[in-house]
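The structure comes before the text.

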Amino acid sequence: MKGERITATLVPLAWTPLGIAIGNTRRGVGLSLGGLFDWIDRTFPAEDDRAFVASLRDLELLARIEWDGPLPEAVDDRNVVNLDDLPDDLAAALAQPAETLVQCAACRRLCVRDDFIWKEKQLCAWDYHAQVFGKRGPWRDGLYEPRHFETLPACGYVAPEPLAELGVEVLMTIRELSGTPSAAIVNALLESDPGRPHMAVRTAAGVAVLREA
C-alpha cells in the first residue's frame with residue numbers, strides 16, 4: 001500500500017470435478033483506497049457462492065494502519081493468514097502444487113492445461129466429457145484390434161460426476177505396467193458384456209473402460 005493507492009493481487013482458480021486448482025500466474029490491480037470496498041463488491045458479489053473475501057473489518061484495519069508486505073513467491077497453505085476462514089475445497093487446493101491454467105476452447109472457463117485435449121483443442125473436464133463420452137463419441141460395439149489401442153482417447157482422468165450426467169459408467173480401470181496385457185484384459189471384459197457400446201480411454205492412471213449405462 002502506498003498513500004491512497006493499494007495493489008490487489010489476483011490469483012486464477014479453476015474449478016474441476018476433482019476440486020479447485022490454483023493457477024501459477026498472478027495479476028496486480030491498482031486501486032484507490034477509497035474505492036476498495038466498491039471494487040470488492042463488484043469483484044466478489046454476495047450472490048456468487050464461489051466468491052469469497054476476507055472480513056471487511058480486517059481489511060479496513062489493514063488499510064487504516066497502511067499495512068504492507070512482500071507477496072510470497074508461491075501462494076500456499078503456509079502463507080495464508082486466514083486459512084481457517086477459507087472454503088474447505090480452496091484450503092485443500094492451497095496444499096497442492098500450482099498448475100498452469102488455460103481457457104477452455106468451448107466454454108472459456110479456466111481449466112488445467114493438457115488435462116483434456118480433443119482435436120487439438122484444450123477443453124475443461126465438463127466439455128471434454130460431453131464431447132468424447134457423449135452420444136457422438138468414439139463408442140464401439142465390438143472388440144478392440146491392436147491398431148485401435150494406438151488411437152484411444154486420452155485425458156488426465158475420467159470423472160464420475162460428469163459421466164453420471166451422460167449416463168456412462170466406469171467398468172474397470174487398469175494400471176498399465178510393463179508386461180501387463182491390458183489389451184487382452186479390455187477385450188476379455190468386452191466379450192463378457194456384449195450388446196452395449198463400450199469405450200476404452202487412456203488416462204494418467206492407465207486405461208479405463210466405459211460403458212453406456
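## Burial and packing

His-148 counts as buried because its relative accessibility is 13% (buried is under 20% relative accessible area, exposed over 50%, partly exposed in between, with a 1.4 Å probe and protein chains only). His-148 lies in the loop between helix 4 (125-132) and helix 5 (160-166). Apart from neighbours within four places in sequence, His-148 is in contact with Arg-140 and Leu-143; contact means heavy atoms within 4.5 Å.

The model is predicted, with pLDDT of at least 70 needed for local features and 80 or more for side-chain atom pairs, while totals for chains, interfaces and linings use all residues. Residues are numbered from 1 along each chain as its sequence is written, and side-chain values use heavy atoms, without hydrogens and water.

Helices (H or I, at least four residues) and strands (E, at least two) are DSSP runs numbered from the N terminus. In helix 6 (residues 182-192), Ser-182, Val-186, Asn-187, Leu-189 and Leu-190 are buried. They lie on the same side of helix 6 because they cover an arc of only 155° around the axis, taken from the directions from the helix axis to the C-beta atoms. Glu-191 and Ser-192, on the other side of helix 6, are exposed. The cover over the buried residues includes these strands:

| Element | Residues |
|---|---|
| strand 9 | 168-174 |
| strand 10 | 198-203 |
| strand 11 | 206-212 |

A nonpolar core is a set of buried Ala, Val, Leu, Ile, Met, Phe, Trp, Tyr and Cys residues joined through side-chain atoms within 4.5 Å. The largest has 31 residues, of which Phe-133, Tyr-144, Val-186 and Leu-210 touch the most other members. Strand 11 gives the largest share of this core, four residues.
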